[in-house]
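This briefing concerns the model displayed below. Please keep the sequence and the structure in view while reading.

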Amino acid sequence: MAESYEKLYEQLCEILHKKGTKVNFEMVEKAYNVAKEAHKEQKRVSGMPYVLHPLSVAITVAEMEMDWHSVCAALLHDVVEDTDYTIEDIRDMFGESVAELVDGVTKLDKIQYSDKEEREMENLRKMFLAMAKDIRVIIIKFADRLHNMTTLISMSEEKQREKARETLNIFAPLAHRLGMYKIKWELEDLSLKYIDPIAYYEIVEGISQKRQEREEFIATIKATLRSKLEKLNIDCAIDGRPKHFYSIYRKMFTQNKTLDQIYDLFAVRVITDTVADCYAALGAAHELYIPMPGRFKDYIAMPKPNMYQSLHTTVIGPNGIPFEIQIRTREMHAVAENGIAAHWKYKNGGQADKSMDENLAWVKQLLEMQKDATDEEEFITSLKIDLFTDQVFVFTPKGDVMSFPAGATPIDFAFSIHSAVGCKMQGAKVNGKIVPLDYAMQNGDIVEVITSSAIHGPNLDWLKIVKTSQARNKINQWFKKENREANIIKGREAIEREIKRQSLTGYNLMRTEYMDPLIKRYGFKTYEDMFSAVGFGGMPVNKVISRLKEEYRKDVATDDILPVDTIEIVKSSKKKANNSGIVIEGIDSCLIRYAGCCNPVPGDKIIGYITRGRGVSIHRQDCTNIANAYIDEEEKARLIDVTWEINKDVAFTSHIKIVANDRTGIVLDVTNVIADMKVPLKTINARATKENVAIIEISFEITDTEQLEKIIHKLSSISGVIEVTRSTN
């Protein structure tokens with residue numbers, strides 16, 4: 001089997017040698033060896049060595065003439081996800097560029113999510129944002145998905161359909177948006193094979209039966225066209241291209257036709273040297289064959305947003321059979337086949353392609369969408385609307401062409417020009433006539449925005465009308481900024497109200513260690529930003545509470561549950577001493593940790609909690625977390641009796657919170673008490689509120705509750721102290 005992947009590696013090197021561009025073969029070989037070693041014990045579901053997959057992905061990437069960094073990343077793209085290697089390891093061995101690409105392609109499976117759908121949306125979100133920063137990420141991902149689809153036969157039927165639907169709904173439309181039609185067609189056909197296998201094989205068989213007839217027809221067309229173009233001294237290549245299976249399937253489905261009723265099953269492609277030759281060839285084709293009305297499209301004069309350029313015309317051929325002719329230059333053909341990969345700025349020594357950057361401005365808008373999309377589903381929905389719907393092309397009064405998703409309105413047009421134009425919009429004209437603001441713009445419309453200085457902001461109802469995430473985000477931003485202070489108060493109250501409603505007030509969910517991961521996850525800069533989003537309605541309050549509870553569980557409780565029979569054995573055994581100062585039934589040596597939620601010390605009544613993979617967690621019996629565990633039978637089964645071991649000289653960390661009137665010297669008085677009690681002070685943190693109240697939090701080492709009670713008594717007697725309580729860390 002080793003011979004098979006060595007042969008694939010030789011094939012990869014051969015492709016890279018043919019490129020003629022600078023390749024660091026030493027790094028490519030190093031990446032191959034790392035992948036081979038990392039995956040050496042792994043096999044795919046089919047039973048084949050796993051390393052065949054990254055090799056196949058790298059070959060596809062190399063065939064698209066991507067740079068050697070991309071090839072290395074393709075070889076390593078599953079190493080972080082499926083082995084012990086980390087992104088830091090990849091960065092140390094291959095540099096920042098390769099590490100960033102690998103990280104962009106790597107899924108987030110190691111992070112726990114509340115459900116499968118959330119994980120999938122978060123993975124897509126991560127991939128799209130990485131793609132916005134470096135388009136090579138999605139090119140590697142396309143190659144990865146393409147090979148996975150070609151080997152899908154080994155998966156269960158349910159998994160086959162799941163992957164096929166995701167490919168058809170996300171990856172194929174994205175390939176279309178990036179102009180990578182060759183990849184798009186392959187992904188669509190492979191998806192159809194598993195989504196509707198009966199229809200797929202019916203089309204395959206029907207096309208196969210008509211193959212000779214089709215080839216004879218195409219040969220006739222090619223010979224006639226070539227003869228005509230040679231007389232015009234137009235140097236060109238002509239070939240026939242049958243429509244791919246999914247395209248035929250869609251036509252059969254939308255038009256309710258059988259395969260026999262579909263005549264334009266193929267197209268003839270003419271590839272010339274110059275744009276002038278393209279139009280000359282079009283004229284020649286229309287002299288030979290009658291063009292069908294309304295079926296001519298000039299994508300050379302008006303390229304698609306994905307940079308696709310070509311002339312399309314459908315004509316009536318011999319025996320009344322319609323067929324399509326596509327005419328383009330060789331450069332246009334390269335872009336049509338591989339889209340953005342043909343223009344990638346790094347493929348020619350890092351020289352940026354300005355036209356590509358301009359045409360791919362929508363990719364950069366992904367980062368703008370990320371800033372205001374506080375929900376994974378909202379982000380993906382906006383993405384699908386902006387990138388995966390049909391496009392309409394409209395003109396500004398000056399004649400500039402702008403593209404929008406189908407159904408977009410003049411409001412979308414206004415905000416695409418500038419936020420100030422949208423916020424002062426009063427009305428719109430299309431082709432010189434006043435139209436309602438919910439008018440759906442059509443191809444070729446000339447759109448003009450009417451503004452008024454008397455208008456000071458958008459209408460909230462516009463959110464129900466607009467189609468682009470750009471317009472929606474700018475409208476949301478205006479309202480968030482306009483009513484920020486009120487939204488902050490409203491949002492904070494909504495969170496506190498929901499905490500009370502769910503009887504969670506005793507859990508102190510709004511601590512900084514629970515709030516910080518939440519605002520970081522959703523891209524907020526401050527707590528106020530999050531409160532404002534909740535108050536405005538952009539962030540569901542239930543999602544906030546759910547995340548806070550998730551962070552709470554991470555901090556307080558547990559990982560894997562022990563099997564029930566193991567728990568029973570522990571509980572039925574005799575008591576044995578543990579070297580940590582704790583006596584646990586049935587265990588003489590195991591990992592012990594003291595829970596940070598209640599910080600038990602000798603003298604407290606305690607109980608043990610069997611965690612998932614982290615031994616036994618020791619809690620005070622009055623801990624709210626333990627009280628919560630008694631409610632759930634599964635959680636209750638994890639509780640175990642524990643006691644303090646007598647005469648064990650072990651130091652424990654205790655945490656104290658002091659509330660006092662703010663005055664000069666209050667902190668010094670507190671530290672003097674600790675010094676007089678001769679206990680080691682570990683940390684101290686003091687702050688004052690606007691109400692001149694001092695909050696002092698300290699931690700120190702003690703041996704039992706008796707010593708702790710003496711310290712609390714001494715601290716309580718300090719002048720100005722209002723309250724002294726035990727706290728968590």
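The model is predicted. An open sheet of 4 strands is formed with antiparallel pairing, and the largest nonpolar core holds 63 residues.

**Sheet**
- The strand order in the open sheet is E19-E20-E18-E21.
- Strand E19 (681–688) and strand E21 (721–726) form the edges, each pairing on one side only.
- From one strand to the next, the twist averages 15°.
- Strand E18 (residues 652–661) is joined to E21 by 5 bridges in the antiparallel sense.
- Ala660 has Val721, in E21, as its bridge partner.

**Helices on the sheet**
- Helix H30 (residues 666–676) packs on the sheet and touches E18, E19, strand E20 (693–702) and E21.
- The direction of H30 makes about 15° with that of E20.
- Helix H31 (residues 705–716) also packs on the sheet, where its contacts are E18, E20 and E21.
- The direction of H31 makes about 165° with that of E21.

**Nonpolar cores**
- Within the largest nonpolar core, Leu12, Val28, Leu76, Ile90 and Phe142 touch the most other members.
- Helix H9 (residues 136–150) gives the most to this core, contributing 8 residues.
- Leaving aside residues up to four places away in sequence, Leu12 touches Val28, Leu55, Ala58, Ile59, Ala62, Val71 and Leu75.
- Another core, of 30 residues, lies apart from the largest one and includes Ile582, Val616, Ile658 and Ala660.

Key: Residues numbered from 1 in each chain as written. Predicted model: local features only at pLDDT ≥ 70, side-chain atom pairs only at ≥ 80, totals over all residues. Heavy atoms only, no water. Pairing = 2+ DSSP bridges. Helix = DSSP H or I, 4+ residues; strand = E, 2+ residues; numbered from the N terminus. Axes fitted to C-alpha atoms, helices over the stretch in contact; angles between N-to-C directions. Contact = heavy atoms within 4.5 Å. Core = buried A, V, L, I, M, F, W, Y, C linked by side-chain atoms within 4.5 Å. Buried < 20%, exposed > 50% of the residue type's maximum accessible area, 1.4 Å probe, protein only.
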